[in-house]
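Subject: Handing over a structure

Hi,

Here is the structure I promised to pass along. Have a look at it first, and then read on for what turned up.

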Amino acid sequence: MPRLNPVTSPSAEQQQIFDNVKAGLGLVPNMVSTMAQSPHVAKAYLGFAGTLGGGSLSAALGEQIA
């Protein structure tokens with residue numbers, strides 16, 4: 001089964017995503033840097049996670065849904 005590797009030489013768009021994530025978390029998780037193979041996927045995931053974070057669900061349930 002093919003595997004996706006984290007982005008190690010980011011484009012300008014990928015770097016902007018990494019900078020935003022690092023500003024919020026202090027680091028860029030491997031999952032995000034791997035999703036950044038497609039910046040649209042990374043942005044969608046981060047938008048989804050941000051929306052769940054502002055809701056009334058517990059952190060544990062939000063993580064299960066994500």
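Predicted model: local features only at pLDDT ≥ 70, side-chain atom pairs only at ≥ 80, totals over all residues.

At what angle do helix α1 and helix α3 pack, and how far apart are their axes? Helix α1 (residues 12-25) and helix α3 (residues 39-53) pack at about 20°, and their axes are 10 Å apart. The axes here are lines fitted to C-alpha atoms, for helices over the stretch in contact, and the angles run from 0 to 180 degrees between N-to-C directions.

Residues are numbered from 1 along each chain as its sequence is written, and side-chain values use heavy atoms, with hydrogens and water left out.

Now the overall picture. The protein has four helices and zero strands, so named from DSSP runs numbered from the N terminus (helices are H or I, at least four residues; strands are E, at least two). From the N terminus on, the order is α-α-α-α. Along the principal axes, the C-alpha atoms fill a box of roughly 35 × 30 × 20 Å. Of the 66 residues, 20% count as buried, where buried means under 20% relative accessible area, exposed means over 50%, and partly exposed is in between (1.4 Å probe, protein chains only). Among contacts (heavy atoms within 4.5 Å) between residues at least 6 apart in sequence, 36% join residues at least 24 apart.

Back to the helix pair. The crossing of α1 and α3 is left-handed, which is the term used if the near helix is turned anticlockwise from the far one by less than a right angle (right-handed if clockwise). On the α1 side, the contact is made by Glu 13, Gln 14, Ile 17 and Val 21, and on the α3 side by Pro 39, Ala 42, Lys 43 and Leu 46. Sorted by class, that contact has five nonpolar, one polar and two charged residues. In this scheme Ala, Val, Leu, Ile, Met, Phe, Trp, Tyr, Cys and Pro are nonpolar, Asp, Glu, Lys and Arg are charged, and the others, Gly among them, are polar.

How many salt bridges are there? The count comes to one, with a salt bridge being a side-chain nitrogen of Lys or Arg within 4 Å of a carboxyl oxygen of Asp or Glu. It joins the side chains of Lys 43 and Glu 13 at 3.0 Å, N to O. This pair links distant parts of the chain, with Lys 43 in helix α3 and Glu 13 in helix α1, 30 residues apart. Lys 43 is partly exposed at 42% relative accessible area, and Glu 13 is partly exposed at 34%.

A few other spots to look up:

- His 40 is in helix α3 and exposed, at 63%; from C-alpha to C-alpha, His 40 and Gln 14 are 9.8 Å apart in space and 26 residues apart in sequence.
- Gly 53 is also placed in helix α3 and is exposed, at 63%; Gly 53 and Glu 63 are ten residues apart in sequence, with 9.4 Å between their C-alpha atoms.
- Leu 4 sits in the segment before α1 and counts as exposed at 64%; the C-alpha atoms of Leu 4 and Gln 37 are 8.0 Å apart, though 33 residues separate them along the chain.

Cheers
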